[in-house]
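Hi everyone, thanks for making time for this.

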Amino acid sequence: MSQDSAAVPDAARKLAARRRREIVAVLLFSGGPIFESSIPLSVFGIDRQDAGVPRYRLLVCAGEDAPLRTTGGLELSAPYGLEAISRAGTVVVPAWRSITQAPPPAALDALRRAHEEGARIVGLCTGAFVLAAAGLLDGRPATTHWMYAPTLAKRYPSVHVDPRELFVDDGDVLTSAGTAAGIDLCLHIVRTDHGADAANALARRLVVPPRRTASDMGHQRYLDRSLPEEIGADPLAEVVAWALEHLHEQFDVETLAARAYMSRRTFDRRFRSLTGSAPLQWLITQRVLQAQRLLETSDYSVDEVAGRCGFRSPVALRGHFRRQLGASPAAYRAAYRARRPQNGGPEPALRPERAERPERERAMLGAGSGERYAAAALAGHGLATAEAAEAGKPQSDAYASRLPESPVGRGPGRPVLPGQRERPVG
């Protein structure tokens, strides 16, 4: 579901009598970035009635015991605790400190209870990981920062992760992409509650565009191909840039490790620490994104697209493409051309309707939209790698401190034979 949809689920919950939609609880945790945390505080916590913006009542709640330390070592003192969430009709989780840590159980219980009583639950950026840990994103579309989207999709296979969206409104559960997209979602909430005039007035006060779409961004509905800030000055930046320029060639992660003058194990560890995903996952994602671009902008056949994106065969392209985007390459191209605006306006975000897909097919392909390549996706296309074997190990969604350096997905993997080496991707 795209950023301007406001469809309410069929089983929408009735808001409990003691909860009011205009009472907004913002859940803060120690270690959360201050920018994301300040977005809902600024949007919902300042009286701007003089500018035509209806007033919300803000409850800033500590999601765990104080003190709450944030960016730059600042300490915050929230006036309310988790008990105050029981009065809110809107609950916002602006960020979570680390995608490798489990959120506090008490906070998850409070979110579940609020949702059961009809509250609108909002996750900004990495706040989506808290909502997913609470089980509130199961079977739903969602988004998060593009850099962490593969991890979210892999850890929670039942979540339909779409990192191309600025935000996703699924009725009573909403999520946004990184940083500034949180402003877009908060403006959308004001627009939903009080209309376009109120949202436009607030946007003027904040000096931001009243309504952005993914096509307004430089990557135009694609995952951002630029590098995370952390990798910009790292030696791996040159290797990643080389990979992006040579996606049309068949090469594997061993090739990238060799170009970085590292062992495969060291390269994997270093790549994960900088990007948040395994290099094989990232590489397949980039190949699929390149295929998406060619399907939209060229008349190449699917076979030709596969070759120009470094896949070994059209079968490999079709499998990975369907797992990421929920449709075959041919169906995606047809849908894109059918829905492409004729008046030169912004292109609508494409998202295959989940309701049109049979349950059995979705179960076979995997309900998640993301990056579960290391297991069934890779095994189905002859990529029996050490990562695939590792991905076959069962793992709980309630990830704890005993987790390995980067979480792995669940699902059947093919065993790796002694001495077997990874084949070229695709």
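So, how many helices and strands does the protein have? There are 16 helices and ten strands. Before we go on, please keep in mind that what you're looking at is a predicted model.

Let's start with the overall picture. The protein has 426 residues, and 54% of them count as buried. It exposes about 18400 Å², with carbon and sulfur atoms supplying 51% of that area. And if you take the contacts between residues at least 6 apart in sequence, 70% of them join residues at least 24 apart.

Okay, on to the inside. Which residues have the most contacts inside the largest nonpolar core? Those are Leu27, Ile85, Val91, Leu111, Ile121 and Leu137, and the core itself has 36 residues. Several elements each supply at least two residues to this core: strands E1 (20-28), E2 (57-62) and E5 (88-93), plus helices H2 (105-116), H3 and H4 (149-155). There's also another core apart from that one, with 33 residues, including Phe267, Phe271, Trp282 and Ile284.

If you ignore its neighbours within four places in sequence, Leu137 is in contact with Ala128, Leu131, Ala132, Ala142, Ser158, Val159, Val173 and Thr175.

Now for the charged side chains. Side chains of opposite charge can pair when their charged atoms come close. How many salt bridges does a search of the whole structure find? It finds 15, and I've picked a few to show you.

First up, look at Arg120 and Asp193, whose side chains meet in a salt bridge at 2.9 Å, N to O. This pair links distant parts of the chain: Arg120 sits in strand E6 (residues 120-123) and Asp193 in helix H5 (residues 181-194), 73 residues apart. Is Arg120 buried or exposed? Arg120 is buried, because its relative accessible area is 4%, under the 20% cut-off. Asp193, on the other hand, is partly exposed at 27%.

Next, find Arg140 and Asp172, another salt bridge at 2.9 Å, N to O. Here too the pair links distant parts of the chain, with the partners 32 residues apart. Arg140 is in the loop between helix H3 (127-133) and strand E7 (141-142), while Asp172 is in the loop between strand E9 (167-169) and strand E10 (173-176). Arg140 has a relative accessible area of 10%, so it counts as buried, and Asp172 counts as buried too, at 11%.

Then there's Arg20 with Glu22, where the closest N and O atoms of the salt bridge are 2.5 Å apart. Arg20 is partly exposed at 48% relative accessible area, and Glu22 is partly exposed at 27%. While you're in that stretch, take a look at Arg18, Arg19 and Glu117, which are linked in a network of salt bridges.

Last stop, the surface. Which residues make a nonpolar patch of about 250 Å² there? That would be Ile34, Phe35 and Leu74. You'll find Phe35 in helix H1 (residues 34-45), and Phe35 is partly exposed, with a relative accessible area of 41%.

That's my tour. Happy to go back to any of these spots.

Technical notes. Residues numbered from 1 in each chain as written. Predicted model: local features only at pLDDT ≥ 70, side-chain atom pairs only at ≥ 80, totals over all residues. Heavy atoms only, no water. Salt bridge = Lys/Arg side-chain N within 4 Å of Asp/Glu carboxyl O. Buried < 20%, exposed > 50% of the residue type's maximum accessible area, 1.4 Å probe, protein only. Helix = DSSP H or I, 4+ residues; strand = E, 2+ residues; numbered from the N terminus. Core = buried A, V, L, I, M, F, W, Y, C linked by side-chain atoms within 4.5 Å. Contact = heavy atoms within 4.5 Å. Patch = residues over 30% accessible without salt bridge, like charges linked within 9 Å, V, L, I, M, F, W, Y side chains within 5 Å. Areas by Shrake-Rupley, 256 points an atom, 1.4 Å probe, with all protein chains shown as cover.
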